[in-house]
Amino acid sequence: MKIKIAKKAGFCMGVRRAVNLVLKALNEKKIPIYTYGPLIHNPQTLELLNKLGVRVLKNMEEIPISGVCIIRAHGIPPHEKEKLSKKFEIIDGTCPRVLKVQALAKKAISEGKNVVIIGDKNHAEIKGILGYCEDKGFVVNSFEDIEILPELKNYVILSQTTQDEKLFKELSQAILNKYPNGEVINTICNATEGRQNEVRNLSKTCDSIIVIGGKFSANTNRLAEIAKKEGKKVYLIEKVEEIPIEELKKEKTLGITAGASTPNWLINEVVDFLKSSTSKYYKILRTFSFLSFIAFAGQISKQA
């Protein structure tokens with residue numbers, strides 16, 4: 001089997017920055033440390049951070065008396081951030097690309113405009129951006145959503161940073177066709193666009209594609225969707241246990257990519273397992289996965 005790995009796979013700048021902030025806080029003994037919601041959408045990384053003592057706050061009702069709270073990479077609504085700041089030392093881990101979208105939404109509202117966000121309605125990033133839109137923000141994820149939009153006269157179209165580029169253009173044009181007086185600002189992260197282009201290129205030369213990342217990660221799922229649209233069989237996995245090795249042994253060429261929240265040590269683990277494809281070596285890999293993360297954490301901390 002020939003294995004091809006996407007050049008751009010794994011942690012993007014925003015995710016690396018958020019993880020770096022947590023590790024720096026741990027280094028500085030700022031305890032207890034919490035994140036408001038999952039820091040990133042990768043369960044393996046979150047599990048390992050939990051082993052290092054980082055706890056996840058799921059809602060406002062469970063806020064403890066004090067500590068350090070790190071805002072998740074996806075961002076949160078401003079009223080939630082304000083409430084958290086009354087009890088915590090706040091460290092803002094919001095991705096700079098997401099901060100830009102929040103600022104654009106806030107600016108549009110201040111100018112009396114409506115905001116249309118193309119993205120996943122229930123995604124944490126969208127909920128955070130909507131917090132800056134007051135009651136003038138609308139989310140579109142399909143052509144059906146456009147049909148139920150209210151009349152828009154002066155508005156801005158923004159995007160979730162992990163949105164599919166092609167879908168964004170198609171939906172934006174459909175909205176403009178219905179309500180011509182809108183402004184389109186493409187806020188898709190360039191790292192997202194690069195990963196999407198790479199998975200399209202991989203699909204041209206590979207029999208099937210493995211996408212490594214959290215099942216609840218929007219950008220990871222997007223990569224899987226793109227590969228499927230290219231006519232490829234796709235395996236979306238979070239960990240090596242999910243690899244159907246006997247099935248994959250039949251493939252001549254296998255492409256591997258990973259979501260923006262997937263750590264490099266997990267990608268390496270998958271590749272090593274595919275190369276070895278023996279249960280004995282597999283067990284060794286699982287034994288050393290946590291040690292690999294600790295080594296990675298030490299490297300990141302030195303850069304902080």
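The model is predicted: local features need pLDDT of at least 70, side-chain atom pairs count only at pLDDT 80 or more, and totals for chains, interfaces and linings use all residues. Residues are numbered from 1 along each chain as its sequence is written, and side-chain values use heavy atoms, with hydrogens and water left out.

**First selection: Val139**

Select residues 137-140, which form strand S7 and include Val139. Strands (E, at least two residues) and helices (H or I, at least four) are DSSP runs, numbered from the N terminus. Val139 counts as buried because its relative accessibility is 16%; buried means under 20% relative accessible area, exposed over 50%, and partly exposed in between (1.4 Å probe, protein chains only). Next, display the contacts of Val139, where contact means heavy atoms within 4.5 Å. Leaving aside residues up to four places away in sequence, Val139 touches Ile117, Gly119, Asp120, Lys121, Ile126, Leu130 and Asp145. Val115 lies 24 residues from Val139 in sequence, and their C-alpha atoms are 8.5 Å apart.

Select Ile210, Ile212, Ile243 and Leu274, the residues with the most contacts inside the largest nonpolar core, which has 31 residues. Such a core is a set of buried Ala, Val, Leu, Ile, Met, Phe, Trp, Tyr and Cys residues joined through side-chain atoms within 4.5 Å. Elements that each supply at least two residues of this core include helix H8 (190-205), strand S10 (208-212) and helix H11 (264-276). H11 gives the most, with 7 residues. Beyond residues up to four places away in sequence, Ile210 touches Tyr235, Ile237, Leu248, Leu254, Gly255, Ile256, Thr257 and Leu274. A second, separate core of 21 residues includes Cys12, Ala18, Ala25 and Leu26.

The 13 residues of H11 reach 18 Å from first C-alpha to last, close to the 18 Å expected at 1.5 Å a residue; the expected span is 1.5 Å times one less than the number of residues. Among the buried residues of H11 are Trp265, Glu269, Phe273 and Ser276. Just after H11, select Ser277, which takes a positive phi of about 45°.

**Final selection: the cysteines**

How many disulfides does the structure hold? There are 0 disulfides, a disulfide being a pair of cysteine sulfur atoms within 2.5 Å. The closest cysteine sulfur to that of Cys69 is in Cys95, 18 Å away and so too far for a bond. Cys189 is likewise in no disulfide, and its nearest cysteine sulfur, that of Cys95, is 6.0 Å away. Cys69 is buried, at 0% relative accessibility, and Cys189 is buried, with a relative accessible area of 11%.
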